[in-house]
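Take a walk through this protein model, one region at a time. Keep the sequence beside you as you go.

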Amino acid sequence: MDIRIKTRQEVHPDMQYAVSDIHGCYDKYIELLRRINLKDSDTLYVLGDMVDRGPDGLKILLDISMRPNIIPFLGNHEYAALTCLPWLMEELTDENTEPDQLLWRLKSVQGWMADGGDTTVAEFRRLSPEARQDVLDVLEDLTVYEETEAGGREFVLVHAGLGGFSPGKALDDYQLDELILSRPEPGQDYFPDKYLVFGHTPTPFYTGARTEDARIYRRDRLVAIDCGCVSGGPLGCICLDTMEETYV
Ligand SMILES: [Mn+2]
């Protein structure tokens, strides 16, 4: 008798998911992992801005670093943290107290604080020297964009968008600002055959919804997933294989 045993893949194929802008909301992040039932063989792309505003960004960052199937991206908030945190630990030297240098650093830190960096600094301060170094190592290792295929569709994943877009431009040729600080226009369609999944701009910007009613915004192949979870919206997650949405 020919008994065919189904492989695990056939019973429950591995899934790819994307989430963004968790902003220190550790409990929502953990609840999301539970709701999507993230398996070791699944992949979760976290499209940046894990830190700042909410209280537990570094806790999220360190948790992600322990999970090889979660791919963390650089957002503008991680970029600010990566720029400013090493300065805050530095001894004063002739060079870093040179007035222009000092003013530049102070302005950068001020900009970060005004954008919610205070919670990350407070959290960083409570960490052991070893954990601080772990945080800096994780921040340095973040990816800026990824491309993947799921459910017969092709995806480009990035924190904010593709500023200065032109059709033939390689993803490697974009400036960092264009990838972590830009904002796609509502009807913008980048590629004829690829979906662009991004965070950074809360979806009420596109839909006009109240923050508490925010949902993932999809128009053609543009998929905005930041539902503003730190400002009272849900944490939204999209399964790239099924385009199914999950909210916490
Ligand atoms: Mn952002």
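Helix α3, residues 57-65, packs against helix α6, residues 129-140, at an angle of about 75 degrees. Their axes lie 10 Å apart. Angles from 65 to 115 degrees count as roughly perpendicular. The two helices α3 and α6 are therefore roughly perpendicular to each other. Which residues make the contact? From α3 come Leu 58, Leu 61, Leu 62 and Ser 65. From α6 come Ala 131, Asp 134, Val 135, Val 138 and Leu 139. Sort the residues of this contact between α3 and α6 and you get seven nonpolar, one polar and one charged. Bear in mind that this whole model is predicted.

**The manganese site**

Now turn to the metal. The manganese ion is coordinated by Asp 49 (OD), Asn 76 (OD1), His 159 (NE2) and His 200 (ND1). The distances run from 2.0 to 2.2 Å. Along the chain, the donors of the manganese ion follow the spacing D-x26-N-x82-H-x40-H. Look at Asp 49 and Asn 76, a pair that links distant parts of the chain. Asp 49 sits in the loop between β2 (43-46) and α3. Asn 76 belongs to helix α4, residues 76-89.

Asp 49 has 1% relative accessibility, so Asp 49 counts as buried. Asn 76 has 12%, so Asn 76 counts as buried too.

Strands of a sheet pair through backbone hydrogen bonds, either parallel or antiparallel. Here five strands form an open sheet, in the order β4-β5-β6-β8-β7, and the pairing is mixed. Strands β4 (145-150) and β7 (217-219) stand at the edges. Each has a single partner strand, so one side of each is left without a neighbour in the sheet. On average, neighbouring strands of this sheet are turned by 20 degrees against each other, direction ignored.

β7 pairs with strand β8, residues 222-224, in the antiparallel sense over three bridges. Tyr 217 stands opposite Ala 224 in β8.

Finish with Thr 148, which lies in strand β4. With 15% relative accessibility, Thr 148 counts as buried. What does Thr 148 touch, leaving aside its neighbours within four places in sequence? Its contacts are Gln 16, Tyr 45, Arg 153, Glu 154, Phe 155, Leu 157 and Leu 240. Pro 13 is 135 residues from Thr 148 along the chain, and their C-alpha atoms are separated by 16 Å.

Terms used
Residues numbered from 1 in each chain as written. Predicted model: local features only at pLDDT ≥ 70, side-chain atom pairs only at ≥ 80, totals over all residues. Heavy atoms only, no water. Axes fitted to C-alpha atoms, helices over the stretch in contact; angles between N-to-C directions. Helix = DSSP H or I, 4+ residues; strand = E, 2+ residues; numbered from the N terminus. Parallel < 35°, antiparallel > 145°, perpendicular 65-115°, else oblique. Contact = heavy atoms within 4.5 Å. Nonpolar A, V, L, I, M, F, W, Y, C, P; charged D, E, K, R; others polar. Donors = N, O, S within 2.8 Å, 3.2 Å for Na, K, Ca; no water. Buried < 20%, exposed > 50% of the residue type's maximum accessible area, 1.4 Å probe, protein only. Pairing = 2+ DSSP bridges.
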